[in-house]
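Dear colleague,

I am handing over the structure we spoke about, and below it I set out what was found in it. Please read the notes with the coordinates open beside them.

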There are 2 protein chains.
Amino acid sequence: MALEHALLVALSEKPGSGLELARRFERTLGFFWQASHQQIYRVLARMEADGWVEVETVAQEGRPDKRVHTPSATGRAVLREWLAAPMTLEEFRSETAVKLRGASYGDRAAVLRNLAQARADHATRLTHYEQLEREQFPDPAGLTGAALDRWLVLRGGVRLEQFWIDWTTDYLKAHGEAPR
Amino acid sequence: MALEHALLVALSEKPGSGLELARRFERTLGFFWQASHQQIYRVLARMEADGWVEVETVAQEGRPDKRVHTPSATGRAVLREWLAAPMTLEEFRSETAVKLRGASYGDRAAVLRNLAQARADHATRLTHYEQLEREQFPDPAGLTGAALDRWLVLRGGVRLEQFWIDWTTDYLKAHGEAPR
DNA sequence: AGCCCCATGTAACCGGTTACATGATTGG
DNA sequence: CCAATCATGTAACCGGTTACATGGGGCT
């Protein structure tokens, strides 16, 4: 329902080409909204056709030209309207949860092994997020506006990884595995 | 990639018709995997064609017949194989997160208002989960096997709602709103 | 010469959502 | 009689994924 809107947020922070957006998504908004470059190009083309963004072709030294997108007045209005709309209760879809629930119908030892690996992966990502937090927000107390929002969303990423670690730890312990 | 597998888990717990499955999904697995009856019918038909389930038509008093699905030997083997496969690092896709990050490009007061509502919705769901836990698992210490798994997944639901409440509380407080 | 990176895309597919359809039975 | 429930579907759409394509530049 809303790669368009995620792109408008990203372009409001900083105009950019399709590939730049794809790379930014991997690093920032991508914690909570993933998008491949193919899909970004397709949606950007639609947004351009609908007049949500303005495009400027920028020549570069020793590289292909890039098409830099900026939200238009229409795009900014669309974004404002979307931001003010009520949030729907979000659903969480987890293959892992299905596996945990179904473990007794297969090889439980394998499930526990894979879960321990998943737990380690989440721990790695948590460490990464915490490092980003130290680097980008050394003094959170003084933040306001968009910078404060960016910090709070990163905090959400940290909290989410902690959720995963806590839950998987619960599961492993309850089945007699001692994590870490 | 895996409504098939979620259905195999559900049918392993208890065989059932399409509509029964749809209702069960709303109450149990649905915390972590939502599915409409339309899609369940479609996937069940494919599973039947592929020989993953066996179907028995059961006549009922004063109601239409129902087609009860049970995992076949093939289906059980498919489920075992899927359960043993490594888990991929799960991505979380949140429209709310995008709105929080973009709040400064629209009406922040409206975003905060909607977020307070979202927080209340998650609190309601948390209360609901906790009630289910008290009803269905009054004595978790004695659980083993599939029942233990069901409790642990419900615990995951509780933890997830707590994550939402904690995060939204962070955000509201940082922007000078006092929740509750 | 071969490979990776930049940059922009197209095409086929696939899973899930939404809207609609049918027909029987029970309850107000 | 009407509405709701049980039960099973079909059809159109839509967003996202995967695979493939193109062409120039720099690096080894």
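In this predicted model, a side-chain N or O atom of A:Q38 lies 3.1 Å from a base nitrogen of DNA strand D.

Taken as a whole, the surroundings of DNA strand D comprise 22 residues, of which A:Q39, A:R42, B:Y41, B:Q60 and B:R67 are the closest. Of the atoms of DNA strand D that come within 4 Å of the protein, 59% belong to sugar and phosphate. The surface near DNA strand D is made up of six nonpolar, nine polar and seven charged residues. Two or more residues each are given to this surface by α3 (37-49) of chain A and, from chain B, by α2 (18-27), α3 (37-49) and β2 (63-71), and β2(B) gives the most, with five residues.

Turning to the two protein chains, a rotation of 180° with 0.0 Å of shift along its axis superposes chain B on chain A, with an RMSD of 0.0 Å, which is the relation of a two-fold axis. Within chain B, the C-alpha nearest this axis belongs to B:F163, at 3.3 Å from it. Both copies use the same surface, in that 100% of the contact residues of chain B recur in chain A.

The contact between the chains takes 65 residues from chain B and 65 residues from chain A, and about 7,200 Å² is buried between them, 62% of it on carbon and sulfur atoms. On the side of chain B, the residues that lose the most area to chain A are B:M87, B:E90 and B:R101, which together make up 13% of what that side buries.

The side of chain B that touches chain A draws at least two residues from each of α1 (3-13), α4 (73-84), α5 (95-102), α6 (108-136) and α7 (145-174) of chain B, with the largest share, 17 residues, coming from α7(B). By class, that side of chain B divides into 36 nonpolar, 13 polar and 16 charged residues.

With best wishes

Methods:
Residues are numbered from 1 along each chain as its sequence is written. Chains are lettered from A and ligands numbered from 1 in the order in which they are written. This is a predicted model: local features need pLDDT of at least 70, side-chain atom pairs count only at pLDDT 80 or more; totals for chains, interfaces and linings use all residues. Side-chain values use heavy atoms; hydrogens and water are left out. Copies are superposed by least squares on the C-alpha atoms of residues with pLDDT of at least 70 in both. Contact means heavy atoms within 4.5 Å. Buried area is the accessible area (1.4 Å probe) that two parts lose on being put together, summed over both. Helices (H or I, at least four residues) and strands (E, at least two) are DSSP runs, numbered from the N terminus. Ala, Val, Leu, Ile, Met, Phe, Trp, Tyr, Cys and Pro count as nonpolar, Asp, Glu, Lys and Arg as charged, and the others, Gly among them, as polar. A residue is near a molecule or strand if one of its heavy atoms lies within 4 Å of it. A polar contact is a pair of N or O atoms within 3.5 Å; within protein, one must be able to donate a hydrogen and the other to accept it, and residues adjacent in sequence count only if both atoms are side-chain atoms.
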